[in-house]
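Welcome, and please open your viewer.

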Amino acid sequence: MNYPDLSRVSDTTFKRLLGVSRTTFATMLVMLEQRRSPRGRPPKLSAEAQLVLTLSYWRDYPPLFKLGLAYGISEASAWRVVRRVEDQLLHSGLLSLPTVPPSATSQEPVATLIDTTHVVIERPKKTAALV
């Protein structure tokens, strides 16, 4: 599915499909277009298609091979698009990774439990005829 197909869906369907509202999508798109370099070969996908590809990858985590086929690019190109869009949005300051909440920085000890129950596995014995 490419960006022109999404222009006809309702706002609730848009958010349900990509995980962001139309206004957030428009803000992200402006940031991507501002950071686009005029040098080099023009990209095969438009900025809208790159953003939709990235958001659909974040939303569902389909194989990049399938995304590449859907957008007419290779798996490696789909990965480069996702990485480039992630980097541009993170560097723009629009998005940020979650930080540690202040309550989690307390000095209370943390207990970790590991289940190490030993289970005996019975295997058939090798016989001389089979060896």
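Read along the sequence, the pattern is α-α-α-α-α-α. Here helices are DSSP runs of H or I with at least four residues, strands are runs of E with at least two, and the numbering starts from the N terminus.

A word on what you are looking at: this is a predicted model, in which local features need pLDDT of at least 70 and side-chain atom pairs count only at pLDDT 80 or more, while totals for chains, interfaces and linings use all residues. Residues are numbered from 1 along each chain as its sequence is written, and side-chain values use heavy atoms, with hydrogens and water left out.

**Stop 1: the surface**

Of the 131 residues in the chain, buried ones make up 23%. Buried means under 20% relative accessible area, exposed means over 50%, and partly exposed is in between (1.4 Å probe, protein chains only).

**Stop 2: the core**

Hide the surface and select Leu 18, Phe 25, Leu 51, Leu 53, Leu 55, Tyr 71 and Ile 73. Among the 25 residues in the largest nonpolar core, these touch the most other members. The elements giving two or more residues to this core are α2 (11-18), α3 (22-34), α4 (47-60), α5 (64-71) and α6 (75-92). Which element gives the largest share? That is α4, with seven residues. A nonpolar core is a set of buried Ala, Val, Leu, Ile, Met, Phe, Trp, Tyr and Cys residues joined through side-chain atoms within 4.5 Å. In soluble globular proteins, nonpolar side chains tend to be buried together.

**Stop 3**

Next, select α5 and look down its axis. Leu 64, Leu 67, Gly 68 and Tyr 71 are its buried residues. After α5 comes Gly 72, with a positive phi near 75 degrees.

**Stop 4: aromatic pairs**

How many aromatic pairs does the structure hold? There are two. Rings of Phe, Tyr and Trp (its six-membered ring) pair if their centres lie within 6.5 Å; planes under 30 degrees apart count as stacked, over 60 as edge-to-face and the rest as tilted.

Select Phe 14 and Phe 25: their ring centres are 5.4 Å apart and their planes stand at 85 degrees, so the pair is edge-to-face. Phe 14 lies in helix α2 and Phe 25 in helix α3, so the pair ties together parts that are eleven residues apart in sequence. Phe 14 is buried at 1% relative accessibility, and Phe 25 is buried at 2%.

Now select Tyr 57 and Tyr 61. With ring centres 5.3 Å apart and planes at 75 degrees, this pair is edge-to-face. Tyr 57 is buried, with a relative accessible area of 15%, whereas Tyr 61 is exposed, at 58%. You will find Tyr 61 in the loop between α4 and α5, and its phi is near 50 degrees, a positive value in a residue other than glycine.

**Stop 5: the salt bridge**

Select Arg 22 and Asp 11, whose side chains meet in a salt bridge (2.5 Å, N to O). The structure holds one such bridge, defined as a side-chain nitrogen of Lys or Arg within 4 Å of a carboxyl oxygen of Asp or Glu. Arg 22 sits in helix α3 and Asp 11 in helix α2, eleven residues apart. Arg 22 is partly exposed at 26% relative accessibility, while Asp 11 is exposed at 53%.

**Stop 6: around Leu 32**

Finish at Leu 32 in helix α3, buried at 4% relative accessibility. Leaving aside neighbours within four places in sequence, Leu 32 is in contact (heavy atoms within 4.5 Å) with Ala 47, Leu 51, Val 85, Gln 88 and Leu 89. Leu 32 and Val 85 are 53 residues apart in sequence and 7.3 Å apart in space, C-alpha to C-alpha.
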